[in-house]
Amino acid sequence: MTVEILPVPGIPEIEPGDDVAAAIDAGIGRAGLDLRDDDVLAVTQKIVSKAEGRVVPEPAGGRADVVAGEAERVVARRDDLVIVQTRHGFVCANAGVDASNVAEGFLTLLPEDPDASAARLRASLAARSGADVAVVVTDTFGRAWRRGLVNVAIGAAGLPSLVDLRGTKDAGGRVLEATVVALADEVAAASGLVMGKADGVPVAIVRGAAASAPPLPAAELVRPPEEDLFRESPLQAIHARRSIRRFTGDEVPREALTEAVAAACTAPAPHHTRPWLFVMVEPGPLRTRLLAAMAEAWRDDLTGDGTGDAVIARRLAKSDALLGEAPVLCVPCVRMRGAHAYPDDERADAEREMFLLSGGAAIQSLMLALHAQGLGSCWVSSTLFCKQETREALGLGDEWIPLGSVAIGRPGPEAPPPRPPLDVSGFVRFDEP
């Protein structure tokens with residue numbers, strides 16, 4: 001198999017509304033080239049975006065607001081660099097907003113639908129040349145764990161963006177179990193060898209890279225969230241965790257729960273203790289008994305303080321909807337075993353507060369670990385107000401102090417939006433030396 005990469009120079013500056021296919025066709029003719037069946041035409045995102053009017057003035061304060069408008073979520077941030085996921089699903093620096101090879105004071109944005117852009121360009125080129133060609137729209141992305149940029153496919157038409165080789169045999173006769181080749185990315189990377197940033201070559205013909213698999217758009221290259229093991233940076237994960245109050249009915253793997261408990265047990269605690277217990281309660285008689293005991297205790301407390309029946313009913317219904325329907329209900333507890341005995345009340349109270357604080361830290365670590373595994377959670381104070389009833393329902397000794405409840409499950413379709421930016425000036429104080 002031989003692959004050729006043929007640069008197409010001389011493409012004029014593209015303006016909004018220009019016919020990119022006509023410009024490419026003319027450039028191919030001037031270069032003495034031709035298009036043949038099964039050729040793949042690699043086209044830089046920049047000329048596609050320009051033709052589609054995806055060019056905006058750069059704000060006086062910089063591109064941050066433009067990037068935020070193009071981003072669906074922040075993946076990682078450090079100083080002025082922000083890695084985001086775009087609405088297309090691409091994870092890249094600054095949402096693909098770029099100032100290179102564009103007029104001073106302007107920025108280019110990624111095409112609205114790069115696969116559709118590739119399909120339109122392919123149809124127009126086929127009509128002009130009569131050749132059955134494929135088109136890959138390329139952009140340069142950085143890569144996690146590796147330095148440098150490489151061309152990748154953000155749009156594709158007429159070729160399989162992915163070639164699934166699972167079930168076929170390698171050269172030694174072994175059956176492949178995990179090999180899915182990103183053909184569109186391989187074509188894009190190869191085209192980058194002749195399309196340097198300063199070369200003025202926005203188009204290349206890649207010849208000899210055809211595949212017999214059915215066409216797939218570049219959108220298929222985007223890894224689904226449920227397969228993504230590196231979805232957020234550790235710092236961003238803390239910001240991104242939200243309280244989830246609606247869950248799907250999907251089962252929560254016990255391995256995920258034990259992994260979260262292991263993370264929770266890294267929380268700081270006094271006197272080298274690990275004073276926690278996480279009781280996982282799935283739907284069934286135990287859950288029913290626990291919620292009934294809690295509801296009776298709340299009803300007695302609320303009735304005693306004069307709360308009306310209608311208010312009590314609403315509160316209980318709201319609680320049942322969350323705690324009763326969650327696939328897993330976790331009751332975190334802490335005990336004072338290992339605490340020092342102090343003769344005075346002040347230090348004894350401080351000792352008790354230390355253990356309670358360690359329980360709160362463990363709960364936060366638990367919920368962050370659940371979030372890191374794609375699970376949602378919501379802490380509610382519930383069992384704090386009916387400790388004895390909770391202990392009796394769960395068969396716990398009097399030493400255990402229930403610290404509320406954590407509803408756990410896979411987030412429902414109506415997940416809360418990302419947190420808005422927070423002005424922390426009211427929450428932090430820096431004392432000058």
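**Figure 1. Cys330 and Cys333 in the predicted model.** Cys333 has a relative accessible area of 2%, which is under 20%, so Cys333 is buried. This view, like those that follow, is taken from a predicted model. Cys330 also counts as buried, because its relative accessibility is 0%. The closest cysteine sulfur to that of Cys333 belongs to Cys330 and is 8.2 Å away, too far for a bond. A disulfide is a covalent bond between the sulfur atoms of two cysteines. With sulfur atoms required to lie within 2.5 Å, the count of disulfides comes to 0. Cys330 is accordingly in no disulfide, and the nearest cysteine sulfur to its own is that of Cys333.

**Figure 2. Strand 8 and its two partners.** Of the 10 residues of strand 8 (residues 134-143), 7 are buried, so this strand is largely enclosed by the rest of the structure. Strand 8 pairs with strand 2 (residues 40-44) in the parallel sense, over 5 bridges. In this pairing Val43 stands opposite Val137 of strand 8. Strand 8 is also joined to strand 9 (residues 146-157), by 9 bridges, and these two strands run antiparallel. Two pairs of facing residues can be picked out here: Thr138 is opposite Ala153 in strand 9, and Thr140 is opposite Asn151 in strand 9. The hairpin of strand 8 and strand 9 has 2 residues between the strands, and Trp145 takes a positive phi near 70° in this hairpin.

**Figure 3. The largest nonpolar core.** In soluble globular proteins, nonpolar side chains tend to be buried together. The largest nonpolar core of this model has 31 residues, and those with the most contacts inside it are Ile24, Leu35, Leu41, Val43, Leu121, Leu125 and Val203. At least two core residues come from each of helix 1 (20-30), strand 2, helix 2 (45-51), helix 4 (114-129), strand 8, strand 9 and strand 12 (203-207). Helix 1 gives the most, with 5 residues. Setting aside neighbours within four places in sequence, Val203 is in contact with Pro7, Val8, Ile11, Ile24, Leu41, Ala42, Val43, Ile47 and Met195. Another core, of 23 residues, lies apart from this one; Val252, Ala362, Ala369 and Leu375 are among its members.

Figure 4. Ala256, Leu257, Ala260 and Ala264 are the buried residues shown in helix 7 (residues 254-264). Seen down the helix axis, the buried residues fall within an arc of 100°, so they line one face of helix 7. Arg254, Glu255, Thr258 and Glu259, on the other side of helix 7, are exposed. The buried residues of helix 7 pack against strand 13 (276-281), strand 14 (328-334), helix 10 (345-372) and strand 17 (405-409).

**Figure 5. His371 in helix 10.** His371 has its place in helix 10. Its relative accessible area is 19%, and because buried means under 20%, His371 falls in that class. Apart from its neighbours within four places in sequence, His371 is in contact with Glu232, Ala237, Ala240 and Arg241.

Figure 6. In helix 11 (residues 387-394), the buried residues are Thr390, Arg391, Ala393 and Leu394. Viewed down the axis of helix 11, they fall within an arc of 165° and so line one face of the helix.

Figure 7. Strand 4 is joined to strand 5 (residues 81-86) by 6 bridges. Ala71 stands opposite Thr86 in strand 5.

Key: Residues are numbered from 1 along each chain as its sequence is written. This is a predicted model: local features need pLDDT of at least 70, side-chain atom pairs count only at pLDDT 80 or more; totals for chains, interfaces and linings use all residues. Side-chain values use heavy atoms; hydrogens and water are left out. Buried means under 20% relative accessible area, exposed over 50%, partly exposed in between (1.4 Å probe, protein chains only). Helices (H or I, at least four residues) and strands (E, at least two) are DSSP runs, numbered from the N terminus. The arc is that of the directions from the helix axis to the C-beta atoms. Contact means heavy atoms within 4.5 Å. Two strands pair if DSSP finds at least two bridges between them. A nonpolar core is a set of buried Ala, Val, Leu, Ile, Met, Phe, Trp, Tyr and Cys residues joined through side-chain atoms within 4.5 Å.
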